[in-house]
Amino acid sequence: MRSPLGASRFPVSLSFLLYVAAPCFSEGTTTDADFTTQAATEGPTDWSEENVTVLSYPELISMEATLLLIETSDEVVEKNVTIGNPASIELRCNFSTSRSPQFVYVFWKKGNDRINRTSSVRVFENIVQAYIRLIVTDKVHMDSYSCIFEGIKDRKGIFHFKVPEIYTKEKPLVNYERDSVVLNCNSEKFVPLQWVWYASNGSEKVPIDLTMKNKYEILPSKYNETKLKIKHLQTTDSGPYWCRAIFLLGESEGKQNLRVLTYLVPLKPFLAVTAEVIILVTGIFLYEMYTKRRQLPSESGNDFEQGEQLKSEDHNGVQKNKQRTRYRKSEVSVN
């Protein structure tokens, strides 16, 4: 009678079942020859492609990355893994399940191709951990690797291998004609093999001619950064600039925008305000002149009317005096 599967014997049994069932899966496969799975050991050297790859990179960086998948969640769990240099990396997918681990089946993929290898599995209570170790030494290894747990519902975790990002200033650099400017890019703690600068020529990127010493200069800097000095700026130098970092495992770019202004640009607000003040003063002056011109005829008319009124009043006074004199004479004659 077969003894029941204990927790200690489960990984071996599951590995055997996976090995037997491996040929029954997807169309494309990635074989062990596509990447190295373990470092060389002491003893007779087997100069196969796998061992040559490992011996070519004796100082591999040791890395690990882990994902947690939950049986009750339909979400695809993803993680970016930055690799700047050849590395030995272990990928782990922890699958939390309430079911018996013996009903959980797991396999790995590189991109859309199934990795033709027996998956290593550990069991910790209700956690099934699938893990795989890869030696990444070439651009072809920089891909997406996924672990797929099959059961009542499939669960998937994806590791995206990426080269380091390049960091630049987010805001555009603003300078003036005939000045100089320094563009800066850095890759944080990763050191690229080479830096290359590009300028924009319409819709294309054109490598900057660093032999033009009177225009461009690469300034001394740390190994993980690059500084480009552009001299004697002109408005035609405006536009985007790219710094490309070339790593052993791939390339990465950073972008920096430059805006070159003429010296008239900062004067434009002042000139605009000055023009507005001149227009306002001129308007006030013209209005006062117009008002004075209108007042002159009215004042001369008023003077004439006042003169005529005085004349009429004088004439009326003389007539009244004459009348009074006549009246008095008439009274005297009567007496």
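**Exercises: a pocket and an arginine**

The largest pocket has a volume of about 170 Å³. This is a predicted model, where local features need pLDDT of at least 70, side-chain atom pairs count only at pLDDT 80 or more, and totals for chains, interfaces and linings use all residues. Residues are numbered from 1 along each chain as its sequence is written, and side-chain values use heavy atoms, leaving out hydrogens and water.

**Exercise 1.** Work out which element gives the most to the lining of the largest pocket.

*Solution.* Start with the term: a pocket is an open set of points on a 1 Å grid where a 1.4 Å probe fits, with protein on both sides within 12 Å along at least five of seven lines, and lining residues have an atom within 4 Å of a point. Next, list the lining: Ile61, Met63, Lys79, Asn80, Val81, Thr82, Ile83, Gly84, Asn85, Ala87 and Phe190. Strands here are DSSP runs (E, at least two residues), numbered from the N terminus.

**Exercise 2.** Find Arg244 and say which side chain it joins in a polar contact.

*Solution.* First, look in strand β17, residues 239-247, for Arg244. Then check its contacts (heavy atoms within 4.5 Å): leaving aside residues up to four places away in sequence, Arg244 touches Gln194, Trp195, Val196, Tyr198, Glu251, Ser252 and Glu253. Finally, pick out Tyr198, whose side chain meets that of Arg244 in a polar contact of 3.3 Å. Such a contact is a pair of N or O atoms within 3.5 Å, one able to donate a hydrogen and the other to accept it.

Notes:
Grid points are joined across faces, edges and corners, and a volume is the space filled by probe spheres set on the points. Helices (H or I, at least four residues) and strands (E, at least two) are DSSP runs, numbered from the N terminus.
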